[in-house]
Every structure is written in structure tokens, then in C-alpha cells.
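Please look over the structure below. Questions and answers about its parts follow.

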Amino acid sequence: MKCSVYIATSVDGFIAGPDGDIDWLLRPEYAVSLLNGLSFEAFIADIDALVMGRHTYEKVRAFPEWPYGELPVVVLSTQSAPQSAEPVRWMSGEPASVVARLAEAGCRHLYIDGGQTV
């Protein structure tokens, strides 16, 4: 099993503003990342499932469009799962246990996302 992180951080180590805002990631100068060999599309093409925490999921659900298409998403939470039209599965447990269960389900490469989850 391979677990990878693809995340942007500020120089002082933050991935979001104090209120959880991530608008700083949409600055036009970051659009040149593809020119520097950094492509989210190339990274995500090799991923079997995305694992994120509940807070990250709630932030992503607020986007105008679901950004992950049909990629399976696992949300880590001890709370009950709200209904969702996206391909989302809710899990809880220690990281090693979650990874083992996903490996048993056939996953070989996980994308881990979200500040607390990473």
C-alpha cells in the first residue's frame, strides 16, 4: 500500500487561513505549476481512493462542483454520515486499520488529504 499527500502549504507551514479559508490557493501565479512539472491530474490518475477528514469533506462539499469525479472518497469520522450523491464512504478507526481495510478492498495507492488527517 502506498499513501501519498498532495498539498500546498504556506512558507510558515499552514494549509488554510485561521478561519479554514483556502482561497489563497486560487492565486493566478499558482496556475504555472504545470509548467514546473506539478500536475494534480497526473497525480490523481494513479490514485485508487482519497482519504480525508470530515472538516476537509465539508469544505469540499461547499465547492460549486464535486472536484473528484467518480474517484472513491473515504471520509474519516466518528459521526454519522450525511446523505451524499458523491462516491463517498465513511470510516472510523486508527490509521493502520483504515489503510488495512482499504488494502483488503483492493486499493493500492491512497491520496491522504486534510490537515488533521495528514
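Q: Which residues form a nonpolar patch on the surface, and what accessible area do they have together?
A: This is a predicted model, in which local features need pLDDT of at least 70 and side-chain atom pairs count only at pLDDT 80 or more, while totals for chains, interfaces and linings use all residues. Residues are numbered from 1 along each chain as its sequence is written, and side-chain values use heavy atoms, with hydrogens and water left out. A patch is made of residues with over 30% relative accessible area and no salt bridge, where like charges are joined within 9 Å and nonpolar side chains (Val, Leu, Ile, Met, Phe, Trp, Tyr) within 5 Å; areas come from the Shrake-Rupley method with a 1.4 Å probe, and for residues only the protein chains shown count as cover. The patch consists of Val5, Ile7 and Val118, and their area together is about 230 Å².

Q: Is Val118 buried or exposed?
A: Val118 is placed in the segment after β5; helices (H or I, at least four residues) and strands (E, at least two) are DSSP runs, numbered from the N terminus. Buried means under 20% relative accessible area, exposed over 50%, and partly exposed in between (1.4 Å probe, protein chains only). With a relative accessible area of 52%, Val118 is exposed.

Q: What is the order of the strands in the open sheet?
A: Strands of a sheet pair through backbone hydrogen bonds, either parallel or antiparallel. Two strands count as paired if DSSP finds at least two bridges between them. Here five strands form an open sheet with parallel pairing, in the order β1-β5-β2-β3-β4.

Q: Which are the edge strands of the sheet?
A: An edge strand pairs on one side only. In this sheet the edge strands are β1 (2–5) and β4 (88–91).

Q: Which residue is the bridge partner of Leu76 in β4?
A: Strand β3 (residues 73–76) pairs with β4 in the parallel sense, over four bridges. In β4, the partner of Leu76 is Met91.

Q: How many of the five residues of strand β2 are buried?
A: From β2 (residues 49–53), Ala49, Val51 and Gly53 point one way, and Leu50 and Met52 point the other way. Residues on both sides are buried. The strand is therefore largely enclosed by the rest of the structure, and the number buried is five of the five.

Q: Which residue of β3 does Met52 stand opposite, and which residue of β5 is its bridge partner?
A: β2 runs parallel to β3, joined by four bridges, and also pairs with β5 in the parallel sense over four bridges. On the β3 side, Met52 stands opposite Val75. In β5, the bridge partner of Met52 is Asp113.

Q: Which residues are linked in a network of salt bridges?
A: A salt bridge is a side-chain nitrogen of Lys or Arg within 4 Å of a carboxyl oxygen of Asp or Glu. Arg108 forms one with Asp46, the closest N and O atoms being 3.3 Å apart, and Asp48 forms one with Arg108 at 3.9 Å. The network is made of Asp46, Asp48 and Arg108.

Q: What is the N to O distance in the salt bridge of Arg54 and Glu58?
A: Arg54 and Glu58 are four residues apart in helix α2 (residues 54–61), so they are separated by about one helical turn. Arg54 is buried at 18% relative accessible area, whereas Glu58 is partly exposed at 40%. Their side chains meet at 2.9 Å.

Q: Why is the pair of Phe43 and Tyr111 edge-to-face?
A: The structure holds four aromatic pairs, where rings of Phe, Tyr and Trp (its six-membered ring) pair if their centres lie within 6.5 Å; planes under 30 degrees apart count as stacked, over 60 as edge-to-face and the rest as tilted. The rings of Phe43 and Tyr111 have their centres 5.1 Å apart. Phe43 lies in helix α1 (residues 40–44) and Tyr111 in strand β5 (residues 109–113), so the pair ties together parts that are 68 residues apart in sequence. The pair is edge-to-face because the angle between the planes is 85 degrees.
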